[in-house]
Amino acid sequence: MTDTLTPVLTAYWDEPDIFTLAGYRRTGGYRALPKALATPPEDIVAMVKDAGLRGRGGAGFPTGMKWGFLPQGHEKPHYLVVNADESEPGTCKDVPLMMANPHVLVEGVIIAAYAIKCHQAFIYVRGEVTHVVRRVQQAVADAYAAGYLGRDILKSGYDLDVVVHCGAGAYICGEETALLDSLEGYRGLPRLKPPFPAVAGLYASPTVINNVESIASVPSIVLNSASWFADLGTEKSKGYGIFSLSGHVVTPGQYEAPLGITLRQLLDLAGGIRPGHRLKFWTPGGSSVPLLTDEHLDVPLDFESVAAAGSMLGTRALQIFDETTCVVRAVLRWTEFYQHESCGKCTPCREGTYWMVRVLERLEQGNGTDEDLDKLLDICDNILGRAFCALGDGATSPITSSIQYFRDEYIEHQKRGGCPFDPSAATLFARGDSARTVGGGR
Ligand SMILES: Cc1cc2nc3c(=O)[nH]c(=O)nc-3n(C[C@H](O)[C@H](O)[C@H](O)COP(=O)(O)O)c2cc1C
Ligand code: SF4
């Protein structure tokens, strides 16, 4: 089964010094950079387009096409901003990637910045992860010292400066335009689009914003060719990606595999659901996408197939829940998160997330009424498509999908006048779970 995995970004995570410049260079790092600097920038953009790389931050927008949108011959500077905010519940790929191998991101930043003719790049790291901020700062400092950043990089005549910016810890600052406001020193609130960042982004200048994993994938494309990348994955979802398994699995962790792998295959690699239990529901891409169930074990995890199954590939954060989990309780927890993180700019999300928590609390405690379920769906209907940004839309996904698949469980709470589940049974330290091994995937 292990040949299902395609470790590229995670290939050397077992090496104790892979996070250092020496460790990265020893394992083939910074070999794509001279090749890229000897290639015209337009050809790098074409290479990334041909590879079929799609954004790894959730929406799956084609990366090369995004780079191609920057107006040329403009008098304003171009900026590259790396979105390293990673705050979506269950999403845990960018933080381990930056901890394990920050230089692959730095090499990707230099190549991407060169391709879009930019001389100033930013890496916006989530505020809470101070250790990651320090690690990336050190990698950037080492790259300067080695001549990979600064003036006349590798005697190519190309100049680039990189700033590592530490966010203050708000989920909304992962939304690309709120991130730009935050980076400019304002409170992070989403901006009206258009204009899109490609035209008026950071400091009203043409800006490319990409996820950590998107940018870190670029050196492998330059080194191995666009066709090498395009041969992995499926027809429209090309390449490899990091799948993060968490929850009720024997070996949670990062599994790097071609897009199109199934949850059944990933669970085989991860040792299965914890012993004595069975899969109940899971998220294919974080908490902002509709839940799936055991009916969907064989859905290829690519953008198209997951959409056809009624959900979204999102961030490939596979949160796995077995039959001990109360779906109403899980959805209540996620909704509390959205209520807390709603930036308050628009009414449907600001008010709607507040009311959804109140109704879900009643339902979970068994104090709900028949009308409450309809009310919940009605609030979702008033948020979806009417909120100013995708946070509001995402907040409705776990609710509507859980009612679609588990309406009876909501009603059972009402009939019993309380939750039918023992919350301690769902914990990973619950009795009878001693066979669980602690470890990680790649
Ligand atoms: C509420 C919210 C939070 C987001 N958080 C992140 C994040 O932490 N990291 C990320 O790369 N994209 C995040 N996104 C998506 C970004 O807006 C944007 O689509 C992405 O950074 C583009 O990069 P990509 O094309 O490389 O995927 C978020 C979107 C929303 C609506
Ligand atoms: S949807 Fe929510 S997070 Fe987005 S702008 Fe409206 S209030 Fe803010």
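1. Helix H15 passes helix H16 in a left-handed crossing, a term used when the near helix is turned anticlockwise from the far one by less than a right angle, the right-handed case being clockwise. H15 covers residues 327–341 and H16 residues 347–364, and the two pack at an angle of about 155 degrees with their axes 9 Å apart; H15 and H16 are therefore roughly antiparallel to each other, the word for angles over 145 degrees. Axes here are lines fitted to C-alpha atoms over the stretch in contact, with angles running from 0 to 180 degrees between N-to-C directions, while helices (H or I, at least four residues) and strands (E, at least two) are DSSP runs numbered from the N terminus.

2. This is a predicted model, in which local features need pLDDT of at least 70 and side-chain atom pairs count only at pLDDT 80 or more, whereas totals for chains, interfaces and linings use all residues. Residues are numbered from 1 along each chain as its sequence is written, chains are lettered from A and ligands numbered from 1 in the order in which they are written, and side-chain values use heavy atoms, with hydrogens and water left out.

3. H16 also packs with helix H17, at an angle of about 160 degrees and with the axes 10 Å apart, which makes H16 roughly antiparallel to H17; the crossing of these two helices is left-handed.

4. H17 (residues 370–383) in turn packs with helix H18 (residues 390–416) at an angle of about 165 degrees, their axes lying 9 Å apart. That makes H17 roughly antiparallel to H18, and H17 passes H18 in a left-handed crossing.

5. Around ligand 2 there are 13 residues (each with a heavy atom within 4 Å of the ligand), of which Cys 343, Gly 344, Cys 346, Cys 349 and Cys 389 come nearest. The shell divides into nine nonpolar residues, three polar and one charged, where Ala, Val, Leu, Ile, Met, Phe, Trp, Tyr, Cys and Pro count as nonpolar, Asp, Glu, Lys and Arg as charged, and the others, Gly among them, as polar.

6. Tyr 203, in the loop between H9 and strand E4 (207–211), has a positive phi of about 50 degrees although it is not a glycine. Most residues other than glycine have a negative phi, and most peptide bonds are trans.

Note on methods:
Angles under 35 degrees count as roughly parallel, over 145 as roughly antiparallel, 65 to 115 as roughly perpendicular and the rest as oblique.
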